[in-house]
Amino acid sequence: MVTVGTLLRAVWHSRRDAILASALAFFALAHGLIGLDQNPYLSVDEGWLLQVPRNLLALGLYGGVTLDGPVPFASELTTGPAVLLPATAAFALLGDGVATGRLISVLYSALATAAAPLASASPVVSAVRRLRA
């Protein structure tokens with residue numbers, strides 16, 4: 001039987017989880033955006049990967065460019081379209097640069113951090129916990 005108290009507790013828990021998720025997302029964004037273009041230093045791998053969005057905008061090529069010419073779908077591209085295509089959109093909107101490329105990873109980190117308390121309160125997680133007990 002559903003009572004008013006049960007409904008109020010459910011609303012409070014969902015509101016509390018939303019507040020916690022928002023606070024965690026804000027914390028992840030605040031710490032991720034500090035020194036975004038300088039910290040950590042640009043590595044060879046990151047430079048190679050950030051070349052892809054730039055090439056996609058300038059050349060229409062999903063891949064890299066070496067001294068030997070274009071390398072479409074290079075095997076070194078370990079980061080897939082889920083990161084590189086939003087980075088391409090960010091480059092188109094904000095201009096290309098290290099900070100713009102890293103912004104997508106910071107946003108994904110904030111979303112994942114915010115989803116953690118919401119996922120732990122999901123009915124699926126509760127059902128798995130009951131099965132383990």
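This report walks through the overall layout of a predicted model and then looks at a few of its residues up close.

**The big picture**

Let's start with the whole chain. It has 5 helices and 2 strands, and if you read along the sequence they come in the pattern α-α-β-β-α-α-α. The chain has 133 residues, and 26% of them count as buried. Now think about contacts in the chain with a separation of 6 or more: residues 24 or more positions apart account for 59% of those.

Have a look at helix α2, residues 44-58, and helix α3, residues 81-94. They pack with their axes 9 Å apart, at an angle of about 60 degrees. That angle makes α2 oblique to α3, and the crossing is right-handed.

Who actually meets whom here? From α2 come L49, L50, V52, P53, R54, L56 and L57, and from α3 come L84, L85, A87, T88, F91 and A92. Sort the residues of this contact by type and you get 11 nonpolar, 1 polar and 1 charged.

**The loop between α1 and α2**

Helix α1 covers residues 4-33, and S43 sits in the loop that links α1 to α2. P40 is found in the loop between α1 and α2 too. Most peptide bonds are trans. The one from N39 to P40, though, is cis, with omega near -5 degrees.

Next, find R102 in helix α4, which spans residues 98-120. With a relative accessible area of 8%, R102 is buried, since the cut-off for buried is under 20%. What does its side chain reach? The side chain of R102 gets to the backbone oxygen of L36, at 2.8 Å.

Leaving out residues up to four places away in sequence, R102 touches L36, D37, Q38, N39, P40, Y41, L42 and E46.

How far apart are L103 and L33, in sequence and in space? They are 70 residues apart in sequence, and 7.7 Å apart in space from C-alpha to C-alpha. Apart from residues up to four places away, L103 touches L33, L36 and L94. L36 is on the contact list of R102 as well.

Back in helix α2, you'll find Q51. Its relative accessibility is 18%, so Q51 counts as buried. A polar atom of the Q51 side chain lies 2.8 Å from the backbone nitrogen of V65. Setting aside neighbours within four places in sequence, Q51 is in contact with G63, G64 and V65.

**Side chain to backbone, lined up**

Here are the side-chain-to-backbone pairs from the tour, in one place.

| Side chain | Backbone atom | Distance |
|---|---|---|
| R102 | oxygen of L36 | 2.8 Å |
| Q51 | nitrogen of V65 | 2.8 Å |

Terms used:
Residues are numbered from 1 along each chain as its sequence is written. This is a predicted model: local features need pLDDT of at least 70, side-chain atom pairs count only at pLDDT 80 or more; totals for chains, interfaces and linings use all residues. Side-chain values use heavy atoms; hydrogens and water are left out. Helices (H or I, at least four residues) and strands (E, at least two) are DSSP runs, numbered from the N terminus. Buried means under 20% relative accessible area, exposed over 50%, partly exposed in between (1.4 Å probe, protein chains only). A polar contact is a pair of N or O atoms within 3.5 Å; within protein, one must be able to donate a hydrogen and the other to accept it, and residues adjacent in sequence count only if both atoms are side-chain atoms. Contact means heavy atoms within 4.5 Å. Axes are lines fitted to C-alpha atoms, for helices over the stretch in contact, and angles run from 0 to 180 degrees between N-to-C directions. Angles under 35 degrees count as roughly parallel, over 145 as roughly antiparallel, 65 to 115 as roughly perpendicular and the rest as oblique. A crossing is left-handed if the near helix is turned anticlockwise from the far one by less than a right angle, and right-handed if clockwise. Ala, Val, Leu, Ile, Met, Phe, Trp, Tyr, Cys and Pro count as nonpolar, Asp, Glu, Lys and Arg as charged, and the others, Gly among them, as polar.
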